[in-house]
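Here is a short briefing on a protein model. Look at the sequence and the structure first, then work through the points.

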Amino acid sequence: DTGVGSVGLFFAAYACTAVALRLFFSWVPDRVRRVWVLYPSLGAITAGYLALAFGSSTGSTVLAGVLCGGGLGYVYPLLFTAVVERSAPEERGSAMAAFSLFFDTGALVGSPMLGWVIFQAGYGAMFASAGVVMALASLAFAVWDGDLVLRRRPPLTEHT
């Protein structure tokens with residue numbers, strides 16, 4: 001619809017990158033701290049959405065596929081591993097089901113919402129919105145998980 005790139009090229013780049021990372025570079029998160037792989041990967045997904053939002057060539061569509069595929073190639077397994085490691089053995093099945101449910105719910109709720117943005121403002125606005133939501137969600141996760149500690153001012157005290 002936009003006249004830029006193609007869905008096929010995007011998903012070819014996406015899938016090839018995700019598969020290559022998982023086949024040849026799956027060792028990286030185990031050799032370095034996982035957070036050093038997780039947050040750049042979340043950032044890559046955000047950058048991929050923004051490349052789709054502001055790109056104007058077939059090359060930008062392919063780059064977006066590489067960024068999104070590379071990001072999700074690491075993000076999904078790293079988050080799934082965290083769920084398994086952090087859940088008690090007797091609750092692990094429920095935890096894994098809930099984790100999968102979050103992705104499905106995201107698609108179920110997010111798709112109509114992003115479709116509405118397309119209808120109202122076009123594809124560029126939709127991909128920009130997705131990029132902003134991805135960045136904010138990544139930031140919220142980093143704070144919630146304790147990887148990003150926000151400094152708080154000490155309480156004011158009165159001196160007498």
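Tyr 76, Phe 80, Phe 99 and Phe 103 form one aromatic cluster. Rings of Phe, Tyr and Trp (its six-membered ring) pair if their centres lie within 6.5 Å; planes under 30 degrees apart count as stacked, over 60 as edge-to-face and the rest as tilted. This is a predicted model, where local features need pLDDT of at least 70 and side-chain atom pairs count only at pLDDT 80 or more, while totals for chains, interfaces and linings use all residues. Residues are numbered from 1 along each chain as its sequence is written, and side-chain values use heavy atoms, with hydrogens and water left out.

**Aromatic pairs**

- The structure holds 11 aromatic pairs.
- One of them joins Phe 10 and Tyr 14: the ring centres are 6.0 Å apart and the planes stand at 35°, so the pair is tilted.
- Both residues sit in helix H1 (residues 7-24), four residues apart, which separates them by about one helical turn.
- Helices (H or I, at least four residues) are DSSP runs, as are strands (E, at least two), and they are numbered from the N terminus.
- Phe 10 is buried, with a relative accessible area of 10%.
- Tyr 14 is partly exposed, at 22% relative accessibility.
- Buried means under 20% relative accessible area, exposed means over 50%, and partly exposed is in between (1.4 Å probe, protein chains only).
- Phe 141 and Trp 144 make another pair: their ring centres are 5.8 Å apart and their planes are at 40°, so this pair is tilted.
- Phe 141 and Trp 144 lie three residues apart in helix H6 (residues 123-144), about one turn of the helix.
- Phe 141 is partly exposed at 23% relative accessibility, whereas Trp 144 is exposed at 66%.

**Cysteines**

- A disulfide is a covalent bond between the sulfur atoms of two cysteines.
- The cut-off used here is a pair of cysteine sulfur atoms within 2.5 Å.
- A search of the whole structure finds zero disulfides.
- Cys 68 is in no disulfide either.
- Cys 16 is exposed, with a relative accessible area of 54%, but Cys 68 is buried, at 4%.

**Helix H1**

- H1 has 18 residues and reaches 25 Å from its first C-alpha to its last, close to the 26 Å expected at 1.5 Å a residue.
- The expected span of a helix is 1.5 Å times one less than its number of residues.
- The buried residues in H1 include Phe 10, Ala 13, Thr 17, Ala 18 and Leu 21.
- They cover an arc of only 120° around the axis, which puts them on the same side of H1.
- That arc is taken from the directions from the helix axis to the C-beta atoms.
- Cys 16, Leu 23 and Phe 24 are exposed residues on the face of H1 turned away from its buried side.
- The buried residues of H1 pack against helix H3 (34-54) and helix H4 (58-86).

**Thr 17 close up**

- Thr 17 lies in helix H1 and is buried, with a relative accessible area of 18%.
- A polar atom of its side chain lies 2.7 Å from the backbone oxygen of Ala 13.
- Which residues does Thr 17 touch, leaving aside its neighbours within four places in sequence? Thr 17 is in contact (heavy atoms within 4.5 Å) with Val 66, Gly 69 and Gly 70.

**Helix H3**

- H3 has 21 residues and reaches 30 Å from its first C-alpha to its last, close to the 30 Å expected.
- Its buried residues include Val 37, Leu 38, Ser 41 and Leu 42.
- Also among the buried residues of H3 are Ala 44, Ile 45, Thr 46 and Gly 48.
- What covers the buried residues of H3 includes helix H2 (28-31), H4 and H6.

**Two further residues**

- Ser 129 lies in helix H6 and is partly exposed, with a relative accessible area of 29%.
- Ser 129 and Ser 111 are 18 residues apart in sequence and 12 Å apart in space, C-alpha to C-alpha.
- Trp 116 lies in helix H5 (residues 92-121) and is exposed, with a relative accessible area of 55%.
- Trp 116 and Met 126 are 10 residues apart along the chain, and their C-alpha atoms are separated by 8.6 Å.

Conventions:
A polar contact is a pair of N or O atoms within 3.5 Å; within protein, one must be able to donate a hydrogen and the other to accept it, and residues adjacent in sequence count only if both atoms are side-chain atoms.
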